[in-house]
Amino acid sequence: MFKDTTKKTVKNLLFCINLHTKIVYIMADKFVSRHNGPRISEVSEMLEKIGVSSVDELISQTVPEKIRLKKPLKTGAAMSEFQYTKHLRSLAKKNKVFRSYMGLGYYGTIIPAVIQRNVLENPGWYTAYTPYQAEIAQGRLEALLNFQTMVMDLTAMPIANASLLDEATAAAEAMFMFHHNVSKNKQQAHQFFVSNTCFPQTIDVIKTRAVPIGIEVVVGDIASFSFNENFFGVLIQYPDMKGEVCEYKKFVSQCKQKEIQVCVASDLLALALIAPPGEWGADCVVGNSQRFGVPLGYGGPHAAFFACREEYKRFIPGRIIGASIDAEGNRALRMALQTREQHIKREKATSNICTAQALLAIMASMYAVYHGEEGIKSIASETHSNAVFIAEALKKMGYTIKTTLFFDSFVVEADTQKIKAAAEKKEINFYYIDGKQILLSLDQTVQTEDVEDILTIFATAKGLSLAELKIEHADLKIQNTIESSFAKRTSRYLTHPVFNSYHSETEMMRYIKRLENKDLSLVHSMISLGSCTMKLNAASELLPITWAEFANIHPFAPIEQTKGYQHIIKELNKDLSDITGFAAMSFQPNSGAQGEYAGLMVIRAYHIANGNAHRNVVLIPTSAHGTNPASAALAGMQIVLVKCDEKGNIDVQDLQEKAQQHKDTLSCLMVTYPSTHGVYEESIKKITKIIHENGGQVYMDGANMNAQVGLTSPGNIGADVCHLNLHKTFAIPHGGGGPGMGPIGVARHLVDFLPSHSLVTTGGNKGISAVSAAPYGSALILLISYGYIKMLGADGLTKATKTAILNANYMKEVLKGHYKILYTGKNGRCAHEMILDCNEFKTSSGVEVADIAKRLMDYGFHAPTVAFPVVNTLMVEPTESENKAELDRFCEAMIAIKKEIQEIAEGTFDKANNVIKNAPHTAKLLVSDAWNKPYSREKAAYPLAWVKANKFWPSVARVDNAYGDRNLVCSCLPLEAYAEDEITA
């Protein structure tokens, strides 16, 4: 009896232990525990430091009760990573991956595995931030410089930027640049001519952008173009929508005589064979680099290119990478002419571009590096040869080819219905212009069997047998090839050694790794950039973006072939609408700034529909990010600034006075919440009420949405529109400066005005015309945010927000005895970020915030946001993904730097020659025999004991920005510079 009882007890005990183990494992294996940094024991320690008993108590002291959500989110229960992958596999099967020969700026391409594996799928590349801190970003700066050189070579233009969002918006940016740069003789010219053979999506976006700033777009045939004084610019496509390669030299010359600026939308692969626009007088050349090894992705992300003449260099939208020198006189790269970045100019901006497409530009540049001039020319030649062969074979079958001279695309007259039916059986897409015209666009992926399938489709439609026709290349009289035409390119390109040195996979792999090793990213340490939300980009979220079922879908593929994508977009629309408290979303904007613009244009359309076209005044707090006034300016609005009080909040009295002053013309308020100062403003509902009472709408900037999800929402607060930075709150990686996504959510009364598209049905019943080239923006990376939401679930999303607030307040408590915390809420709490005031250091020691940023590199950290939104401050945002140990390391580094500042202030070290002013310190400097610093090598390189265990070495010393601006070089440097770099790296 005793033995039986003992056995039973032991059995029950073992069962309980086993059950407990399973419960612990299940809890640990939940995605939320992988995503959030702090462990349970760490949370207890952090709460004790903050002085609260629970996370919920902290939240109640931080987030105003009157804006808190009354019900939990409805996004559903969390999936495990395994369940999510299985779920996504089932959705992938719903997409039909046809061979798409539809063209219109999107083409099949072969991504070199060495680039896919070592760049696209590598967190060392995709988790890096925009390279503002050049000393720890030399790798991606070099890759982007390669991109600029590639573009400059192929277009034959003297300067190019480091990428834009897509071809259509790049063309619109050129229009704005031209309009801003008209000569004194053309001040009254406000017409912009667009050739009717440009891509339809480009025409659509051009129209959207032109209207609010008073530009009249004239679309027509260039053969009948009137060269009159009313036109300031033109846009032509080369090759055009139907594949025609036209001779534009005479047309451009006539434009020059009338001071009409010329933009050419072109194709990089075509420019490997046809004469580049820079050689026949173009002022600007734009296009899409997608076919240089970047997947279709149902529309993006892809890196647009933008090249122009030298005289436009201070008006170019986006970023330019330039060469300079560092403090030791060595070669160094940095973002050039940053003061001309348009969004910095706020309401005087001619562009609102902030985020671009850095990661995709890097991939395209690596494609050029890997293939070189001969490889690119070979790919272009084979593509052209296949197109010409198919066209000649179709002629032999009795078809009429409407395009005379072409690179890869041509129009054939045929019975659309018959061809489409036969093509679908072969799982091939063509672009059907109308009932009698079909566009065929060939690409790098086309093989012999693809050519046979295409010819079989057309033969079948005529009741012919391809086998009986016996069409052989040698039998056809090939005419009108690029090689024998006026359009043949004779100039060389990609001649720099960087494009001719890494053609084996071994060398290419090492080159990519060598660049990666120069850059600090999330694989090294936390990146606490305020307002940038550098959180975990989980591998399970990114895993599907290279699956063929998602990566190889053309943006204009028939809707019945994209059911997997449609399910994801529908679900994401539902979930994000729930999270924001809105009625519907538009996924068309492909960056945060584009989301701002789209939201403002929706508000504009709403007012016009209600007979209030005169409502054009926008109120913007002085603390707003520069893209807010820049976007408002592009939307044709009159900007009125609203003061902030000494606590960093919107001055409600000033807001009320200005809202009432402009009540007859008030369009909207642009507001960020929590504020850009990192505080939940108690008066936010009063603020939104004031705007509505005076006839305006409330636009909310979603930059700080990471402090709202699950706790409050824009709709709950009273906003009418909000853009979301999916590359912040919803886990899309920053990619070293893009990609991003900026979808907008709107209240029910604005749903009808959501953006439409000329080629795909989307948006509202009265939707504004397109704001981006593709109907769903950068659709491929929507998978990442979809995974983030599905694997966290409703509870996990809310917990992530709470953890972000916990981490920020813990850091605040640790740092507050060493740095002044500039703004807090009424209970002394910050939201998900805080601002450290560094003004006193400049007076006492000569140390500025930029110096602190450089010194942090020696400790292995990227700086927080420097001098925004308040000068001489650092804005710190730890995110929920960092654990206590990492937060402590960063705080230790900041406290140690404070002690170093104190040593300078006390006179221990000279104000000009000290460990902070000389930072960062490179390995080359540390091993130099000539060490003449007034401090030790150890103090320079290993300021704290733990730095030795995982030292990150900046690859250059402090970069001389002024030198780079005085000596602007935006293309690859001579070989000697690289040779020296290899020796010193």
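Analyst: Start with a definition: rings of Phe, Tyr and Trp (its six-membered ring) pair if their centres lie within 6.5 Å. Keep in mind that this is a predicted model.

User: Which residues form one aromatic cluster?
Analyst: Phe193, Phe225, Phe227, Phe231 and Phe251 make up one such cluster.

User: How many aromatic pairs does the structure hold?
Analyst: There are 32 aromatic pairs. Take Phe909 and Tyr935: the ring centres are 6.5 Å apart and the planes meet at 75°.

User: Why is the pair of Phe909 and Tyr935 edge-to-face?
Analyst: Planes over 60 degrees apart count as edge-to-face. The planes of Phe909 and Tyr935 are at 75°, so the pair gets that label.

User: Where do Phe909 and Tyr935 sit in the chain?
Analyst: Phe909 is in the loop between helix H28 (884–905) and helix H29 (923–926). Tyr935 is in the loop between H29 and helix H30 (937–941). The two are 26 residues apart, and the pair links distant parts of the chain.

User: Are Phe909 and Tyr935 buried or exposed?
Analyst: Both are buried.

User: New topic, charges over rings. What sits over the ring of Tyr597?
Analyst: The charged end of Arg209 does, 4.9 Å from the ring centre.

User: And which residue lies over the face of Tyr399?
Analyst: That is Lys462, at 4.7 Å from the ring centre.

User: Backbone next. Which residues does a cis peptide bond join?
Analyst: Pro301 is in the loop between strand S7 (284–288) and strand S8 (304–308). Another joins Gly738 and Pro739, with omega about 20°. Pro739 is in the loop between strand S20 (721–724) and strand S21 (744–746).

User: What about the phi of Ala156?
Analyst: Phi is positive there, about 60°, although Ala156 is not a glycine. Ala156 falls in the loop between helix H8 (138–155) and strand S2 (159–160). With a relative accessible area of 27%, Ala156 is partly exposed.

User: And the phi of Asn872?
Analyst: Also positive, near 60°, in a residue other than glycine. Asn872 lies in the loop between strand S24 (865–866) and strand S25 (873–876).

User: Why does Asn872 count as buried?
Analyst: Buried means under 20% relative accessible area. Asn872 has 18%, so Asn872 counts as buried.

User: Last one. Where is His87 found, and what does His87 touch?
Analyst: His87 is in helix H5 (residues 81–92). Leaving out residues up to four places away in sequence, His87 touches Met79, His567 and Tyr786. At 19% relative accessibility, His87 is buried.

Technical notes. Residues are numbered from 1 along each chain as its sequence is written. This is a predicted model: local features need pLDDT of at least 70, side-chain atom pairs count only at pLDDT 80 or more; totals for chains, interfaces and linings use all residues. Side-chain values use heavy atoms; hydrogens and water are left out. Helices (H or I, at least four residues) and strands (E, at least two) are DSSP runs, numbered from the N terminus. Buried means under 20% relative accessible area, exposed over 50%, partly exposed in between (1.4 Å probe, protein chains only). Contact means heavy atoms within 4.5 Å. Rings of Phe, Tyr and Trp (its six-membered ring) pair if their centres lie within 6.5 Å; planes under 30 degrees apart count as stacked, over 60 as edge-to-face and the rest as tilted. A charge sits over a ring if NZ of Lys or CZ of Arg is within 6 Å of the ring centre and within 35 degrees of the ring normal.
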